[in-house]
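Visitor: I am new to this structure and would like to learn how to read it, one feature at a time. Could you show it to me first?

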Amino acid sequence: MPAHRTARERARAELTAEIKDEARRQLADSGANGLSLRAVARELGMVSSALYRYFPSRDELLTALIVDAYNALGDTLDTASASASASGGSPADRWRAAAHALRSWARTHPHEYALLYGTPVPGYRAPDDTIVPAGRVPGAFLWIARDAWHAGDLPVNGAEPDDTLRTQARTIATALDLSGLPEVVILRAVDAWTQLFGTVALEFTGQFANTLDPADAYFARAVELQLRTAGLA
């Protein structure tokens, strides 16, 4: 925390952090739909009117939790990818590291992962504040493909996309700073990314029970398939 902050600013930042920590505990107990500002205030020994000065509504508190979770997951993926790169790893090694980091984060932060990728909260509509943090998660993987392409390590092959997919690929390129990438390269990376998230989602929701559980070996196999899909293998 910057030293130049006033005592009031530091106190506000600390209480804001306490409010969010208590809200995360409620997520674990009651889920996002059960989150209550009054209950958070009660647990912290605050009156509701005081808490409203920090978060005027439940939705604003939910948004803060969502942004924090996206950034925490994004930091985790970036760190895993950068560590693999610093160790001399290839783009495929970076993808493997980030994919396993994603799965580990989901397993150790199940309630926050559910907040991001689980059942939508009834009545909640995510504001624009969540767009950039949300983009960090797919970006962590698509930026690996971007770096591989610019290094000459990613072939261009596969069927050319139709006009709709070309337009959508260009939208993704603009949102995630993928300028210069052919649309087919972007779409292949998106294919691999959706395979990754589908595998994590199936494990996360217990769909592998009595079949592929524990899923360590299957997940590692799935990651290798993602690399072939993206052209990184």
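Guide: Helices (H or I, at least four residues) and strands (E, at least two) are DSSP runs, numbered from the N terminus. In this protein there are 10 helices and zero strands, and the elements follow one another from the N terminus as α-α-α-α-α-α-α-α-α-α. The model is a predicted one, in which local features need pLDDT of at least 70 and side-chain atom pairs count only at pLDDT 80 or more, while totals for chains, interfaces and linings use all residues. Residues are numbered from 1 along each chain as its sequence is written, and side-chain values use heavy atoms, with hydrogens and water left out.

Visitor: What does the C-alpha trace of the protein span along its principal axes, and what percentage of the residues count as buried?

Guide: The trace spans about 60 × 50 × 40 Å along those axes. Buried means under 20% relative accessible area, exposed over 50%, and partly exposed in between (1.4 Å probe, protein chains only); of the 233 residues of the protein, 42% count as buried.

Visitor: Is glutamate 22 buried or exposed, and which residues does glutamate 22 touch?

Guide: Glutamate 22, which has its place in helix 1 (residues 7-30), is buried because its relative accessible area is 9%. A contact means heavy atoms within 4.5 Å, and, leaving aside residues up to four places away in sequence, glutamate 22 touches Val40, Glu43 and Leu44.

Visitor: How do helix 1 and helix 2 cross?

Guide: Axes are lines fitted to C-alpha atoms, for helices over the stretch in contact, and angles run from 0 to 180 degrees between N-to-C directions. The axes of helix 1 and helix 2 (residues 37-44) come within 10 Å and cross at roughly 115°. On the side of helix 1 the contact is made by Glu18, Ile19, Glu22, Ala23 and Gln26, which meet Ala39, Val40, Glu43 and Leu44 in helix 2.

Visitor: Which residues line the largest pocket, and what is its volume?

Guide: Rolling a probe the size of a water molecule over the atoms shows where empty space is left. On a 1 Å grid over the protein atoms alone, a pocket is an open set of points where a 1.4 Å probe fits, with protein on both sides within 12 Å along at least five of seven lines, and lining residues have an atom within 4 Å of a point. The largest pocket has a volume of about 220 Å³, a volume being the space filled by probe spheres set on the points, which are joined across faces, edges and corners. Its lining includes Ile66, Tyr70, Leu115, Leu116 and Tyr117, and helix 6 (110-117) gives the most to that lining, with three residues.

Visitor: Where is arginine 136, and which residues does it touch?

Guide: Arginine 136 sits in helix 7 (residues 131-150) and counts as buried because its relative accessibility is 19%. Not counting residues up to four places away in sequence, arginine 136 touches Asn71, Gly74, Asp75, Asp78 and Trp143.

Visitor: Which peptide bond is cis, and what is phi of asparagine 210?

Guide: Most residues other than glycine have a negative phi, and most peptide bonds are trans. Here the bond from aspartate 213 to proline 214 is cis, with omega near 5°, and proline 214 is found in the loop between helix 9 (183-204) and helix 10 (216-230). Asparagine 210 has its place in the loop between helix 9 and helix 10, where its phi is near 65°, a positive value in a residue other than glycine, and with a relative accessible area of 80% asparagine 210 is exposed.
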